[in-house]
Amino acid sequence: MITVEYCQLMVRYNRWQNNSLMNAASTLSYDERWRNRGAFFGSIAATLNHILWDDALWLERFGGNERPEDTLAPSLTEPSDWEQFKELRNQGDSALETWASNLAQSDLAGVVGWYPAGGSDRIQKPSTLCITHLFNHQTHHRGQVHGMLTAAGASPEATDLPMLS
């Protein structure tokens, strides 16, 4: 289904696009980043926080933590400080890069198991499905942020994968 090289490419794309969105969002005020714009998570900041925390949850699951919500506190409202968000996003992107650089093709043949927050029924899915979901999820919500930023008058970069240098 997917290869290690695909994962590494998508991690590079992830960092490029996150940097583009952060640069564009940095041109907006705090209030503009948090303004409800009618997206699924409401604001630019809340949607970016959702992506940040979801990435962290999946990396924990890929590492074998079946209950990542016990050690992470996903939040749409935290971090609320923009500089802290940018630092955490950069750390998250670095963690994704480390994960991808250590990935072996055999890792893609396994399964990922986890318990949903507060749940007692274990979920188990193929690793390739979960990894593909991670990248699709990032792209989906970054597209929402891109649209909100553009509507707010900011100028994020193009999102076309072939434009990745």
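I started with Arg37, which is found in the loop between α2 and α3. Helices (H or I, at least four residues) and strands (E, at least two) are DSSP runs, numbered from the N terminus. I am working with a predicted model, in which local features need pLDDT of at least 70 and side-chain atom pairs count only at pLDDT 80 or more, while totals for chains, interfaces and linings use all residues. Residues are numbered from 1 along each chain as its sequence is written, and side-chain values use heavy atoms, with hydrogens and water left out.

**Entry 1: Arg37**

I looked up what Arg37 touches, leaving aside its neighbours within four places in sequence. Arg37 is in contact with Glu32, Gly42, Ile44, Met148 and Ala152 (contact means heavy atoms within 4.5 Å). The side chain of Arg37 also makes a polar contact with the side chain of Glu32, at 2.6 Å. A polar contact is a pair of N or O atoms within 3.5 Å; within protein, one must be able to donate a hydrogen and the other to accept it, and residues adjacent in sequence count only if both atoms are side-chain atoms. From Arg37 to Ala151 I noted 114 residues in sequence and 9.2 Å in space, C-alpha to C-alpha.

**Entry 2: aromatic pairs**

I searched the whole structure and found 8 aromatic pairs. Rings of Phe, Tyr and Trp (its six-membered ring) pair if their centres lie within 6.5 Å; planes under 30 degrees apart count as stacked, over 60 as edge-to-face and the rest as tilted. The rings of Tyr6 and Phe135 have centres 5.9 Å apart and planes at 80°, so I filed this pair as edge-to-face. Tyr6 lies in helix α1 (residues 4-25) and Phe135 in helix α5, so the pair ties together parts that are 129 residues apart in sequence.

I then checked accessibility (buried means under 20% relative accessible area, exposed over 50%, partly exposed in between; 1.4 Å probe, protein chains only). Tyr6 counts as partly exposed at 26% relative accessibility, and Phe135 counts as buried at 0%.

Trp58 and Trp114 also form an edge-to-face pair, 5.1 Å centre to centre with 75° between the planes. Trp58 lies in helix α3 and Trp114 in strand β1, so this pair ties together parts that are 56 residues apart in sequence. Both Trp58 and Trp114 are buried. Ring pairs link Trp58, Phe62, Trp99 and Trp114 into a cluster.

On a 1 Å grid over the protein atoms alone, a cavity is a set of points where a 1.4 Å probe fits but cannot get out, and a pocket is an open set with protein on both sides within 12 Å along at least five of seven lines; lining residues have an atom within 4 Å of a point. Grid points are joined across faces, edges and corners, and a volume is the space filled by probe spheres set on the points.

I found 1 cavity of 30 Å³ or more. The largest cavity has a volume of about 40 Å³, and its lining is Arg33, Trp34, Ala45, Asn49, Pro79, Ser80, Trp82 and Phe85.

The largest pocket holds about 240 Å³ of space. It is lined by 13 residues, and Leu52, Ala56, Leu88, Gln91 and Gly92 are the closest to its centre. The elements that give two or more residues to this lining are α3 and α4.

The second largest pocket holds about 200 Å³. Of its 14 lining residues, Phe62, Trp99, Asp107, Val112 and Ser127 lie nearest its centre. The largest share of this lining, 3 residues, comes from β1.
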